[in-house]
Amino acid sequence: MNALKSILKDIELIKAQSPLIHNITNFVVMNNTANALLALGASPVMAHASEEVEEMTSIASALVLNIGTLSPTWIDSMKIAGRTASSKNIPIILDPVGAGATSYRSRICRELIQDCNPTVIRGNASEIMSLVDEEIQTKGVDSTSSSLHAVEYAKVLAQKTGAIVSISGEIDYITDGTRVNEVRGGSPLMPRVTGMGCTATALTAAFLAVNKNALEAATHAMELMSWVGEKAAKQAKGPGTMQLFFLDELYQVATGEVQA
Ligand SMILES: Nc1ncnc2c1ncn2[C@@H]1O[C@H](COP(=O)(O)OP(=O)(O)O)[C@@H](O)[C@H]1O
Ligand SMILES: Cc1ncsc1CCOP(=O)(O)O
Ligand SMILES: [Mg+2]
């Protein structure tokens with residue numbers, strides 16, 4: 001399977017380079033996403049103090065900006081880190097958690113996009129749609145729309161911002177504004193575990209760190225999520241064990257016990 005070989009090639013690079021991934025992310029998922037990055041072979045660091053983010057981003061291979069539990073001091077740090085990354089050609093991935101639920105979140109996402117030029121924007125359907133149409137109100141951090149419905153919005157967002165836009169859901173769609181890659185698979189248990197979308201974002205950062213083709217890197221991350229999620233769900237009894245099996249299966253792939 002060619003897609004699998006191509007993902008495994010990126011994973012080999014992640015293992016060899018162990019890229020430092022600087023995460024400014026939310027309190028809910030810090031532990032999950034750090035563990036997922038470690039399982040894959042990357043090196044996570046969570047740092048959000050404005051006093052240190054410029055230095056931390058400067059030594060990182062990719063930057064995650066995740067607005068899940070944002071507050072004014074964190075936004076300042078995100079902007080410093082984002083500008084630093086942008087000036088040094090360090091890839092940035094923005095997760096617009098809950099965009100459209102409050103005007104604050106939507107406004108901050110627009111400012112971050114404007115100031116930091118993210119390489120990839122990854123969110124669920126509702127979040128991506130709300131970034132294009134300010135009238136779209138979402139319920140919270142979970143999507144109320146199908147990913148298929150968001151594809152045209154994602155293309156517009158990609159064309160407007162120059163970012164690759166990655167929409168997650170039952171089917172994932174990743175677009176540069178013209179081409180659209182589709183990723184199927186995964187499991188309905190995945191959205192029953194908090195932080196799975198944020199994990200997808202963190203893994204996308206790891207792929208961006210080793211693969212300069214951002215459309216391919218973002219697609220690889222979603223293919224890996226889907227593949228690992230499906231394997232984990234076969235063994236899980238519910239969300240609790242799903243979380244554990246997901247990490248273990250990710251580690252199995254990363255340590256090379258699964259071959260293409
Ligand atoms: N119904 C589903 N079937 C299969 N995979 C899913 C389903 N819903 C979400 N996923 C997967 O779960 C992960 C998180 O996606 P999603 O729940 O949309 O993100 P978020 O947590 O940001 O809302 C992605 O890898 C996505 O492909
Ligand atoms: C529940 C919640 N509330 C604020 S951030 C967060 C986590 C969202 O994570 P994900 O979007 O990956 O489910
Ligand atoms: Mg999310």
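What share of the contacts in the chain with a separation of 6 or more comes from residues 24 or more positions apart? In this predicted model, the figure is 71%.

## Overall build

Ten helices and eight strands make up the secondary structure of the chain. With a radius of gyration of 17 Å, close to the 18 Å that the globule rule gives for 260 residues, the chain is as compact as a globular protein of that length.

## What sits inside

Buried residues account for 55% of the 260 in the chain. The largest nonpolar core takes in 86 residues, and I21, L40, A62, I128, L203 and A206 are the ones with the most contacts inside it.

A62 is a handy place to start looking around. Setting aside residues up to four places away in sequence, A62 touches P19, I21, I90, P91, I93, A205, A206, L208 and A209. Two of those partners, I21 and A206, also turn up in the list of residues with the most contacts inside the core.

Helix α9 runs over residues 214–235, 22 residues in total, and its first and last C-alpha atoms are 32 Å apart, close to the 32 Å expected at 1.5 Å a residue. The helix is largely enclosed by the rest of the structure, because 17 of its 22 residues are buried.

α9 also gives the most to the shell around ligand 1, with four residues. Both α8 (196–210) and α9 supply at least two residues of that shell. There are 19 residues around ligand 1, and S168, G186, M190, G197 and M225 come nearest. Sorted by class, the shell has seven nonpolar, nine polar and three charged residues.

## A loop residue: S146

S146 lies in the loop between α6 (125–132) and α7 (147–161). Is S146 buried, exposed or partly exposed? With 14 other C-beta atoms within 10 Å, S146 counts as partly exposed.

Leaving out neighbours within four places in sequence, S146 is in contact with A125 and G169. As for I167, 21 residues away along the chain, its C-alpha atom is separated from that of S146 by 9.7 Å.

Technical notes. Residues are numbered from 1 along each chain as its sequence is written. Chains are lettered from A and ligands numbered from 1 in the order in which they are written. This is a predicted model: local features need pLDDT of at least 70, side-chain atom pairs count only at pLDDT 80 or more; totals for chains, interfaces and linings use all residues. A nonpolar core is a set of buried Ala, Val, Leu, Ile, Met, Phe, Trp, Tyr and Cys residues joined through C-beta atoms within 7 Å. A residue is buried if 20 or more other C-beta atoms lie within 10 Å of its own, exposed if 12 or fewer, and partly exposed in between; C-beta atoms are placed from the backbone. Two residues are in contact if their C-beta atoms, placed from the backbone, lie within 7 Å. The radius of gyration is taken over C-alpha atoms; the globule rule is 2.2 Å times the number of residues to the power 0.38. The expected span of a helix is 1.5 Å times one less than its number of residues. A residue is near a molecule or strand if its C-beta atom, placed from the backbone, lies within 6 Å of it. Ala, Val, Leu, Ile, Met, Phe, Trp, Tyr, Cys and Pro count as nonpolar, Asp, Glu, Lys and Arg as charged, and the others, Gly among them, as polar.
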